[in-house]
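Here are my notes on the model, point by point. Please keep the structure open beside them.

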Amino acid sequence: MESFHNFLKMLDGNLGSAGWFPYVLLGVGLFFTIYLKFPQIRYFKHAWLVVTGKYDKKGAPGDTTHFQSLSTALSGTVGTGNISGVAFAIFLGGPAALFWMWATAFLGMTTKFVEVTLSHKYRVKTEDGTMAGGPMYYMDRRLNMKWLAIGFAIATVISSFGTGNLPQINSIASSMQESFGLEPMITGGVLAVLLGLVILGGIHRIAAVTSKIVPLMAGIYLIGAFGVIFYNIENIGPAFASVIGDVFSGSAATGGFLGATIAYAFNRGVNRGLFSNEAGQGSAPIAHAAAKADEPVSEGMVSILEPFIDTIIICTITGLVILSSGVWHEKFDNVFQKSDMAIVAGKFSETNEADRQEMFKYLNHVDDHKIKPYTGDIKVVEGKAMPGDYTIMQAHSFAEDVRFSIGEAEDAYTGTLKIVDGLPVKDSVIISGKSLIHSAALTTKAFTRGFFGDFGQYIVSIGLLLFAFSTAIAWSYYGDRAMTYLFGARSVMPYRVIYVAGFFWASFSDTTLVWTLASVAIVVMTLPNLFGIFMLRKEMKETVAQYWQDFDKEHKK
């Protein structure tokens, strides 16, 4: 298992986390934005009119309304990425990462317009009478690349577990345990039953539930967020200034934060943007293919709104909460995780500018750094480390007040802790102290810095519950449409049963391997989809032109 995980990490390093991937993603979005003459701006008002049902035609083929399709797709995109993903991007890339999320969303509005239109155009009616669509259908029926369609569908099934299922319930269960003391297995069991009741009812029940959950969860989250933003209103201007300023200068190594290079902020912002709004990934077109519409372009219009709502509105609000509250460069008491820890050889001081710059280069993988991971022993007496030729780093910051404990009672540890390549060998020893934090924990801290005080942490927990649960619902549909393409309608029910069982299991299990697998699967979905829509660029342009011709004839008589 260890070797398989290492193999996946190698693949992820050469695919999703690779430096070239953001350029491909943004490049396709930029091309279509220019090629179609900025549809995300020109068609924005029209998109809102379509989603309200103004141009609906009675008896149009499909399973859901425009609004229900938008809600289903949004329930898949508005998830943990909006709470923890934004925080993680700012943690790694500084305020500039938020700017690159905006850029990804702006160009992604066009990318999603294209992929949804083409997927809706080549959708099919399945043997059970429901609609099925998505990139695999245009790859098969239009490009005649069945092998590519099969690969995309397999990646979709993997991603349905890796991004939409297992990590979502794992995050929910952890949050519920931390905030309300609920055992993860209880949380997983209750929500697994609810998930089963929803998804076993098919797209009609899924659409009905998501159309209620999405407005509710957005409302709760936004109330809490604005409670922080207005409380720290004097910091909003400086927050925006830091976002724009850091785009050109890179994040400053000030306070507890050791910053990031401009390139790293770009990479983190774009990747988090994709993870949040999924523009170009090819997942949302599967939901939109069920919409009742004669004109594929009309559903493409609806999809323009997704990256705008998900990233430009919700992610921006999360970013402003984090930046205006100031928590992103403050240190808090927390338990150190191995994935965030680095014990380096030599004594380095946070107050020494030369040491800070050297550590900055090391943490941000700048080639000319001279720091090496520490290998050796650390002597610990009553929970305190004895001085030695090493420095403990945690979450891109110099750790403070470091404590070593053992057992559930967290008794002070005394003994010798062996360190190999910068990490402790003995997992039974708990290391804690003050450091920067990231992901959902960072957003949770930010929400306590507003009018709601400590109660803000519960708003994040409830928001995370609704966001993540709705994401699991949406991705179950994406997976079952992929299974329908691969094996037919009879494969859907077994898939749904396994999906619910996996949801329960992941509530109390380690999903590190799953996250890595999903990261690879996302790229395996995205690259073929970007290739396919680029191949059909001329057809897309002609399809849009025909839509407006027909629209003018019908509505401007």
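1. **Confidence.** pLDDT is the predictor's confidence in each residue, on a scale from 0 to 100. Helices (H or I, at least four residues) and strands (E, at least two) are DSSP runs, numbered from the N terminus. In this protein, confidence is highest in helix H3 (residues 39–42), with a mean of 95. Confidence is lowest in helix H14 (residues 262–277), with a mean of 57. The mean pLDDT of the protein is 84, and 87% of its residues reach 70 or more. Over residues 251–256 the pLDDT is below 50. Even so, this stretch has 23 contacts (heavy atoms within 4.5 Å) in the model beyond near neighbours in sequence. Where pLDDT is low, the predicted coordinates should not be read in detail.

2. **Ground rules.** This is a predicted model, so local features need pLDDT of at least 70 and side-chain atom pairs count only at pLDDT 80 or more, while totals for chains, interfaces and linings use all residues. Residues are numbered from 1 along each chain as its sequence is written, and side-chain values use heavy atoms, with hydrogens and water left out.

3. **The main core.** A nonpolar core is a set of buried Ala, Val, Leu, Ile, Met, Phe, Trp, Tyr and Cys residues joined through side-chain atoms within 4.5 Å. Buried means under 20% relative accessible area, exposed over 50%, partly exposed in between (1.4 Å probe, protein chains only). The largest core has 114 residues. Which of them touch the most other members? They are Phe113, Leu195 and Tyr478. Helix H20 (residues 456–487) gives the most to this core, with 16 residues. Leaving aside neighbours within four places in sequence, Phe113 contacts residues including Leu36, Tyr43, Val297, Met301, Ile304, Met540 and Val544.

4. **Helix H18.** This helix spans residues 353–363. Its buried residues are Asp355, Arg356, Glu358, Met359, Phe360, Tyr362 and Leu363. Their cover includes strand E4 (341–345) and strand E7 (390–394). Asn352 caps the N-terminal end of H18: a side-chain oxygen lies 2.9 Å from the backbone nitrogen of Ala354.

5. **Salt bridges.** A salt bridge is a side-chain nitrogen of Lys or Arg within 4 Å of a carboxyl oxygen of Asp or Glu. The structure holds 11. In one of them, the side chains of Arg142 and Glu539 meet at 2.5 Å, N to O. Arg142 lies in the loop between helix H8 (135–141) and helix H9 (146–162), and Glu539 in helix H23 (residues 537–555), so the pair ties together parts 397 residues apart in sequence. Arg142 is partly exposed at 35%, whereas Glu539 is buried at 11%. Lys121 joins these two in a network of salt bridges.

6. **Two further pairs.** Arg403 and Asp333 form a salt bridge at 3.5 Å. This pair links strand E8 to strand E3 (residues 332–335), 70 residues apart. Asp480 pairs with Arg481 at 2.8 Å; both residues are buried.

7. **Positive phi.** Please check two residues other than glycine. His396 has phi near 60°. His396 sits in the loop between E7 and strand E8 (400–406) and is buried, at 13%. Asp421 has phi near 50°. Its loop runs between strand E10 (415–420) and strand E11 (423–424), and Asp421 is exposed at 57%.

Key
Polar contact = N/O pair within 3.5 Å; in protein donor to acceptor, adjacent residues only side chain to side chain.
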